[in-house]
Amino acid sequence: MKIDYREFRDLVPVTRKYKYLNHAAISPTPLPVIMESFSFMYDVSDEGTIAVNYAERDDLNYIREPVSRLVNSRVEEVSLVPNTSYGINMILHGIGLKEGDQILTDSSEFPAITSASFKLLKKGIKVKIAEVTPETFEDDIVSNLNDNVRLVAISSTSFLTGVTPDLSKVSKEAKSNNSLLLVDGIQTVGAGKIDVEENRIDFLVAGGYKWMMSPQGSGFMFVRKGLLEDPPWYGWRADSTYEEFSPYKFAPDKGPRRFEIGTYPMVSLIGMKKAAEIIYENSYMIYSRVKELSKVAIDCLKDKGMDVLTPEDKRTGIVTVKVRDPKKVVEELYKKYKIVVSPRGSGIRISTHFYNTEEEVNEACEYISTLEKELQ
């Protein structure tokens, strides 16, 4: 499905009501994705288990395939998960960390990684949080490596500052330290290029409801072949012979289904499949357009003398600008101008997708500047 970003706006109903610049929180679901999910729901209404059995054909590889293309992985390395936190927990609790081992993460990380890590403190596993700045992120991570760091766990794009680090640089140093690399990709997949081979990523997890514009309950986990062959938790669906429904034996599936422990959220996953197909077929336009719009935001805000936290040379779709009262400014933007953004930390996070317009971005920046002056 080849698309034009101007025409695609008509397929996103939110554009009729709001200037929606909040895709790093949740994306509005476009009509083609809704219709794909609805078609499945109607089929279930019309045919019951016949429709469900058909949708679960081929071990769901027809869903894994378009997702795998987005990140340049093998189909058999992609597991379908309901959210990012599920996948992160699977990995952290499944890679065999022992007392004295360390997980290295960073101070700008979303709690999906840190929250799951803290559970391991009871086993004597240390969570080491590197203090980072957007400009020096990679060096801040690398300088905290030591012989005990078994896993480096970072985001491909920071939810807080918008910084998109050089994953290849981090991965190279992690490999030299005999550390594995886990990447939370939810703020990049769908908005910018992420390549598990080029970046030498060991684990990548992403929910589908942000930049992939998929329904909530959709997501995927990439696990490099040869890693985590025995998952930390078992479920009936992960059994290699699950269709026998035997209570007397269990052997984990050898493929990606070993992480899929129960009934699938098929409505959401079928929507994600459609979204992944659209993004892949239009990836060059989407990724370049996202970066163009984030630069428009940075330039506009800087022209108004505002303190932009996101480095221009390390950005994807998120731009964070510092203001005195983020929550108040966000409330006023919505009430007065129908502009939807998010407060994050000490700033406001603008997150534009490819179908947004330059006019929307410039208008948001103009009003942020105006409100900041009014609230002094």
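Reader: Into which domains is the protein divided?

Author: In this predicted model, the protein is divided into domain 1, which takes in residues 5-30 + 283-375, and domain 2, which covers 33-276. The C-alpha centres of domain 1 and domain 2 lie 27 Å apart, and the contact takes 30 residues from domain 1 and 26 residues from domain 2.

Reader: What makes up the area buried between domain 1 and domain 2?

Author: About 2200 Å² is buried between domain 1 and domain 2, and carbon and sulfur atoms give 59% of that area. On the side of domain 1, Tyr287, Lys314 and Thr316 lose the most area to domain 2, together 29% of what that side buries.

Reader: Which element supplies the largest share of the side of domain 1 that touches domain 2?

Author: Helix 10 supplies the largest share, three residues, while helix 10 (283-303), strand 9 (318-322) and strand 12 (347-351) each supply at least two.

Reader: Why is Lys295 called partly exposed?

Author: Partly exposed stands between buried, under 20% relative accessible area, and exposed, over 50%; Lys295 has 31% and therefore belongs to that class. Asp299, at 28%, counts as partly exposed as well.

Reader: What separates Lys295 and Asp299 along helix 10?

Author: Lys295 and Asp299 are separated by about one helical turn, because they stand four residues apart in helix 10, and the closest N and O atoms of their salt bridge are 2.7 Å apart. Lys295 also forms a salt bridge with Glu312, with the closest N and O atoms 3.7 Å apart. Glu312 lies in the loop between helix 10 and strand 9, so this pair ties together parts that are 17 residues apart in sequence.

Reader: How do you know that Lys19 and Glu363 link distant parts of the chain?

Author: Lys19 is in strand 1 and Glu363 in helix 12, 344 residues apart, yet the closest N and O atoms of the two are 3.6 Å apart, which is within 4 Å, and the pair therefore counts as a salt bridge. Lys19, with a relative accessible area of 21%, is partly exposed, and so is Glu363 at 25%.

Methods
Residues numbered from 1 in each chain as written. Predicted model: local features only at pLDDT ≥ 70, side-chain atom pairs only at ≥ 80, totals over all residues. Heavy atoms only, no water. Domains from an automatic or database assignment. Contact = heavy atoms within 4.5 Å. Buried area = accessible area lost by both parts, 1.4 Å probe. Salt bridge = Lys/Arg side-chain N within 4 Å of Asp/Glu carboxyl O. Buried < 20%, exposed > 50% of the residue type's maximum accessible area, 1.4 Å probe, protein only.
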